[in-house]
Amino acid sequence: MTGFFSREQSGEPLKGAPLIALTAGVAMATFMEVLDISIVNVSVHTIAGDVGVSASEGTMAISAYSLASAIMQPLTGWISQRFGEVRTFAVSVALFVVFSFLCGLSTSMDMLIFFRLLQGLVSGPMVPLSQTLLLNNYPPQRRSIALALWVMMVVIAPVFGPILGGWITDNFSWPWIFYINIPVGIFSLLVTLSLLRKRETKTVHKPIDAVGLVLLTVGVGSLQFMLDNGNDKDWFSSNLITTLAVVAVVGITFLIAWELMHKNPVVDLRLLGRRNFLVGVACLSLGMFAFFGGTVVLPNWLQSVMGYTATWAGFAVAPVGLAAIFMSPIIGANQDKFDLRVLNTLGFAIFAAASFWMASSATNMDYWDVAEPRLLMGAGIALFFVPVNQIILSGLPPEQLASASGLSNFFRTLAASVATAVSTTLYDHRTIYHHAVLTESTQSGGAATEAFLQGVQQQGLPPQSADAALNQVINTQAATLALNDIFWLFGLIFLAITVVIWFAKPPFAEGGKPGH
């Protein structure tokens, strides 16, 4: 990591209390932004009821934020080069606080969706720039630790978001899921301005790539909206989803062609021509897809089949974050002693083992049967996300770091959106498939079927209730088999990534030409 930033850009690295303060301020801003992606999820029904709309309309508050954030993340490089990294980050945090306050004051769903859209727009540069600001101001020998702390915030925030959101909604009121951003944002803003206002990066007056900006907005916006709403509208049986898919394909195709030809592209897609960036982003995206997909589908199964409340489903998933909190600083402090590809391979192997463990789920599992594989998976997080982000940034000159961070974070966010759409759809379809197969095995006259029905009837229930009880058993077993299928798939994906990561080429620091 040494040499990522020159002293002409950043001055002497911070030390002591200022470094601790900067780390806390930037880390809290990162946690706040990523948390807002998922904290609203569990509160949608409450919000929709309070403002008098349906729950499906309420989901637009989620879609608006993720759509706007996905569009803005790839623009981080251009914006920060035009206005400066510190100034861009500070303005983003300040506006995020303002729009969070306005979200809490919303009295209608239209108001909330509008302010969530603006909140997502200003949040786009926050996470990528938090990464570059930490690296810029940490001593060279400790930048791996800075990267580890940043990764920890990005990974655990979506896990704890639903838990925190549910607790706040149950014990206070839903506007407080937005109001809690205000003190966090103000603290981060004050720390950033007090420590970094004289450490602004050089600015370049680049012309605006208006065509690229329009293509990015239309293409990525259509794709994100399609992914957020496809499952609810039965995908391509809906004319809206079909239209969005066509617009997304056309828009993104023209975006790629235009940006590769443009002298001053709004999104620097040429970064994908660098070997380590391409391999790292591919592994990050595939790993995030499989990791986040399991995080989405598991709580659904716990609540619908196992009878968990939303809060307890969150607690069952949360151990993945506990291990990451302890492991990430350790890996960050020692990863320079190892080949990063070895650490990544070990991390993916742990992910695969935890996924295959979860693929043996059964309806008689207790809380710890669910929590233990999630705890194991948490150990893999540090071995995956910390080294892979260093591989992504390796060999890049200082002026490309913000663009690289923005683009890689865009792919990470997009992978999470695809994971949500694919995992929920697969879960539904595989449940239907297994229900049909199990139903064929429980036809009248079968010994096991008759024994079950007779046992239920002996408890005093009429035949109709016995049939309903049998159908309920089939439903729970079908959903459990669907869950196991999905985790088997994710386990195989993790194993495949153990091969992909070895296409990266050392060295993984400034110097040499590892990116080509």
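Reader: In which helix is Thr345 found?

Author: This is a predicted model. In it, Thr345 is found in helix 18, which covers residues 340-358.

Reader: What does Thr345 touch, not counting residues up to four places away in sequence?

Author: Thr345 touches Thr498, Ile501 and Trp502. Contact here means heavy atoms within 4.5 Å. As for Gly380, 35 residues apart from Thr345 along the chain, the two C-alpha atoms are separated by 9.6 Å.

Reader: What makes helix 18 roughly antiparallel to helix 19?

Author: The angle does. Helix 18 and helix 19 (residues 367-393) pack at about 155°. Angles over 145 degrees count as roughly antiparallel, and that makes helix 18 roughly antiparallel to helix 19. Their axes are 8 Å apart, and helix 18 passes helix 19 in a left-handed crossing.

Reader: Which classes of residue make up the contact of helix 18 with helix 19?

Author: By class, that contact has 20 nonpolar, 5 polar and 1 charged residues.

Reader: Which residues of helix 2 make the contact with helix 10?

Author: On helix 2 they are Thr23, Ala27, Thr30, Phe31, Val34, Leu35 and Ser38. The helix 10 side includes Leu149, Trp150, Met153 and Phe160. By class, the contact of helix 2 with helix 10 has 14 nonpolar, 4 polar and no charged residues.

Reader: How many residues are in the largest nonpolar core, and which have the most contacts inside it?

Author: The largest nonpolar core has 148 residues. Those with the most contacts inside it are Phe291, Leu298, Trp301, Leu302, Tyr427 and Phe494. Leaving aside neighbours within four places in sequence, Leu302 is in contact with Gly307, Tyr308, Ala313, Ala316 and Val370.

Reader: What percentage of the protein chain counts as buried?

Author: Of its 516 residues, 55% count as buried, the cut-off being under 20% relative accessible area.

Reader: How many helices and strands does the protein chain have?

Author: The secondary structure comes to 22 helices and 0 strands. Among contacts with a separation of 6 or more, residues 24 or more positions apart account for 84%.

Note on methods
Residues numbered from 1 in each chain as written. Predicted model: local features only at pLDDT ≥ 70, side-chain atom pairs only at ≥ 80, totals over all residues. Heavy atoms only, no water. Helix = DSSP H or I, 4+ residues; strand = E, 2+ residues; numbered from the N terminus. Nonpolar A, V, L, I, M, F, W, Y, C, P; charged D, E, K, R; others polar. Core = buried A, V, L, I, M, F, W, Y, C linked by side-chain atoms within 4.5 Å. Buried < 20%, exposed > 50% of the residue type's maximum accessible area, 1.4 Å probe, protein only. Axes fitted to C-alpha atoms, helices over the stretch in contact; angles between N-to-C directions. Parallel < 35°, antiparallel > 145°, perpendicular 65-115°, else oblique. Left-handed = near helix turned anticlockwise from the far one by under 90°.
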